[in-house]
Amino acid sequence: MERMPSMEPTMYVISGLHGGGAERLLTNIVLRQAARKDKILVVTLLPGGVFRQTLEDAGVEVIDLGMRHDGHAPIGALRLAALIRRRRPAVVHAWMHHAALLAFAALVLAGRRKSARLFWGLFCSDLGAVPWQFRIVLALTRLASRHVEAVIYNAPEAREFHRRIGYRERRSVVISNWVDPEIFRHDAGERGVLRTELGIDAESVVVAIVARVDPEKDWSGMLEAVRGLPGVVTVAVGKGTEQLAPQPGLVALGWRDDVVRILSAADIFLLGSSWGEGASLAVSEAMSCGLPCIV
């Protein structure tokens, strides 16, 4: 028989740990709770993810529900319900819409809807065109929103957007994204070192873009904006950027853990999202490193 924890844990539920801003923010928040890491459980819908190893190396337990697509939602809800019955968390904090809906359903299935406090974290200020499966998720979370303890937004625009499309939570709070200024600060020594590593000369103006490849981020628009600019080198960082179409002056690095080094070697930060940014964590990090930002 599995040994029960001595104190009811906090359970974070998130779709995945695959390298977006919300995933990085959750990782940062959990790592700051090192003193009680044995009372924290992170549950992901999807397996894997670049931040999973970071959390596990810090001694945080991470469990995935083995989901691969939306069709696995029923079995995912049952697995999460079984986990909730076994671990009996005092607080369930679900991040983003799919995890929010699954956490609500699992608490109902587990018979713990009234004994565990459920919080949602929702961070976007628009969704653009969404597939029909996600429209169902939105419709169900709108209905469930009045039954959660509270919804945490990262910007007033995110709260206004969700209210506009029908969310009616009993309580809400806006908590800005958290950036550690001891980590995200300009390191003058990296400017020459990193440029040498990447083959960029000292006189070039370096534009840094840190974003996953997603229609929301409008990579085509950003790459068009920097195309052909004399003396400008654009460094692209984020999941999928290594697959961007080549163009002169573009250095596409894919996923990187050394974002501070890249920001310290840059002159300008660019983010040209078409929609959906409640408050960009990447912009906050660039500003913390002293970069002028075009957004």
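This is a predicted model: local features need pLDDT of at least 70, side-chain atom pairs count only at pLDDT 80 or more; totals for chains, interfaces and linings use all residues.
Reader: Why is Trp-132 called exposed?
Author: Exposed means over 50% relative accessible area. Trp-132 has 54%, so Trp-132 is exposed. The residue sits in helix 5.

Reader: What makes up the nonpolar surface patch of about 440 Å²?
Author: Trp-132, Ile-136, Leu-140 and Leu-143 make it. A patch residue needs over 30% relative accessible area. Trp-132, at 54%, clears that cut-off.

Reader: How many aromatic pairs does the structure hold?
Author: The structure holds two. One of them is formed by Phe-51 and Trp-255.

Reader: Why is the pair of Phe-51 and Trp-255 called edge-to-face?
Author: Two rings pair if their centres lie within 6.5 Å, and planes over 60 degrees apart count as edge-to-face. Here the centres are 5.4 Å apart and the planes stand at 90°.

Reader: Are Phe-51 and Trp-255 buried or exposed?
Author: Buried means under 20%. Phe-51 has a relative accessible area of 7%, so Phe-51 is buried. Trp-255 stands at 28%, between the 20% and 50% cut-offs, so Trp-255 counts as partly exposed.

Reader: What makes Trp-95 and Phe-123 an edge-to-face pair?
Author: Their ring centres are 5.1 Å apart, with 65° between the planes. Trp-95 lies in strand 4 and Phe-123 in the loop between strand 5 and helix 5. The pair ties together parts that are 28 residues apart in sequence.

Reader: How do you know that Trp-95 and Phe-123 are buried?
Author: Trp-95 has 2% relative accessibility. Phe-123 has 16%. Each value is under 20%, so each residue counts as buried.

Reader: What makes helix 4 mostly covered?
Author: Of its 14 residues, 10 are buried. Among them are His-97, Leu-101, Phe-104 and Ala-110. The buried residues of helix 4 pack against several elements, including strand 1 (10–14), helix 3 (73–87) and helix 6 (156–164).

Reader: How does the reach of helix 4 compare with what is expected?
Author: Helix 4 (residues 97–110) reaches 20 Å from its first C-alpha to its last. That is close to the 20 Å expected at 1.5 Å a residue. Just after helix 4, Gly-111 takes a positive phi of about 70°.

Methods. Residues are numbered from 1 along each chain as its sequence is written. Side-chain values use heavy atoms; hydrogens and water are left out. Helices (H or I, at least four residues) and strands (E, at least two) are DSSP runs, numbered from the N terminus. The expected span of a helix is 1.5 Å times one less than its number of residues. Buried means under 20% relative accessible area, exposed over 50%, partly exposed in between (1.4 Å probe, protein chains only). Contact means heavy atoms within 4.5 Å. Patches are made of residues with over 30% relative accessible area and no salt bridge: like charges are joined within 9 Å, nonpolar side chains (Val, Leu, Ile, Met, Phe, Trp, Tyr) within 5 Å. Accessible areas come from the Shrake-Rupley method with a 1.4 Å probe; for residues, only the protein chains shown count as cover. A salt bridge is a side-chain nitrogen of Lys or Arg within 4 Å of a carboxyl oxygen of Asp or Glu. Rings of Phe, Tyr and Trp (its six-membered ring) pair if their centres lie within 6.5 Å; planes under 30 degrees apart count as stacked, over 60 as edge-to-face and the rest as tilted.
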